[in-house]
Amino acid sequence: QVQLVESGGGLVQPGGSLRLSCAASGNIFRIDAMGWYRQAPGKQRELVATITSGYSTNYADSVKGRFTISRDNAKHTVYLQMNSLKPGDTAVYYCNADLLTAVPIKRNTYWGQGTQVTVSS
């Protein structure tokens with residue numbers, strides 16, 4: 001059993017900042033790519049940012065220069081620092097991990113439960 005638990009969402013004014021965290025736990029042998037996705041009301045889930053185990057990163061054009069993804073491999077945790085937030089960033093944010101379970105050794109993709117981010121004055 002593997003769990004991803006997100007934290008750090010909330011209400012923030014335009015121009016403000018938030019830091020999301022997502023910790024993975026359970027039957028984990030190795031975590032490869034981790035990422036953040038978001039889904040706004042009435043829209044499809046979209047990629048925000050990803051990071052490999054070697055710390056290579058990829059960002060959606062809409063967040064480049066404002067958001068920073070990072071990870072702590074020892075803690076099985078991925079972070080998303082969000083600065084200069086805009087109302088258009090309002091969404092439920094989900095973390096994602098592509099990993100190998102320990103017993104049995106098997107690759108699978110896991111998702112967190114989501115955390116709400118609301119940018120409004």
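**Salt bridges and a buried threonine in a predicted model**

User: In this predicted model, with which residue does Asp32 form a salt bridge whose closest N and O atoms are 2.8 Å apart, tying together parts that are 75 residues apart in sequence?

Analyst: Asp32 forms a salt bridge in which the closest N and O atoms are 2.8 Å apart. Because Asp32 lies in strand 4 (residues 28–39) and its partner in strand 10 (residues 106–111), the pair ties together parts that are 75 residues apart in sequence. The partner in strand 10 is Arg107.

User: Is Asp32 buried or exposed?

Analyst: Asp32 also meets the side chain of Arg30 in a salt bridge (2.8 Å, N to O), and Arg30 is partly exposed, with a relative accessible area of 39%. The cut-off for a buried residue is under 20% relative accessible area. Since Asp32 has 14% relative accessibility, it counts as buried.

User: Which residues are linked with Arg30 in a network of salt bridges?

Analyst: The structure holds 7 salt bridges, among them the one between Arg30 and Asp32 and the one between Asp32 and Arg107. The network that includes Arg30 links it with Asp32, Asp98 and Arg107.

User: Which residue's backbone oxygen does the side chain of Thr77 reach?

Analyst: Thr77 lies in strand 8 (residues 77–82) and, at 9% relative accessibility, counts as buried. Leaving aside neighbours within four places in sequence, Thr77 is in contact with residues including Cys22, Met34 and Asp72. Its side chain reaches, at 2.9 Å, the backbone oxygen of Lys75.

Definitions and conventions:
Residues are numbered from 1 along each chain as its sequence is written. This is a predicted model: local features need pLDDT of at least 70, side-chain atom pairs count only at pLDDT 80 or more; totals for chains, interfaces and linings use all residues. Side-chain values use heavy atoms; hydrogens and water are left out. Helices (H or I, at least four residues) and strands (E, at least two) are DSSP runs, numbered from the N terminus. Buried means under 20% relative accessible area, exposed over 50%, partly exposed in between (1.4 Å probe, protein chains only). A polar contact is a pair of N or O atoms within 3.5 Å; within protein, one must be able to donate a hydrogen and the other to accept it, and residues adjacent in sequence count only if both atoms are side-chain atoms. Contact means heavy atoms within 4.5 Å. A salt bridge is a side-chain nitrogen of Lys or Arg within 4 Å of a carboxyl oxygen of Asp or Glu.
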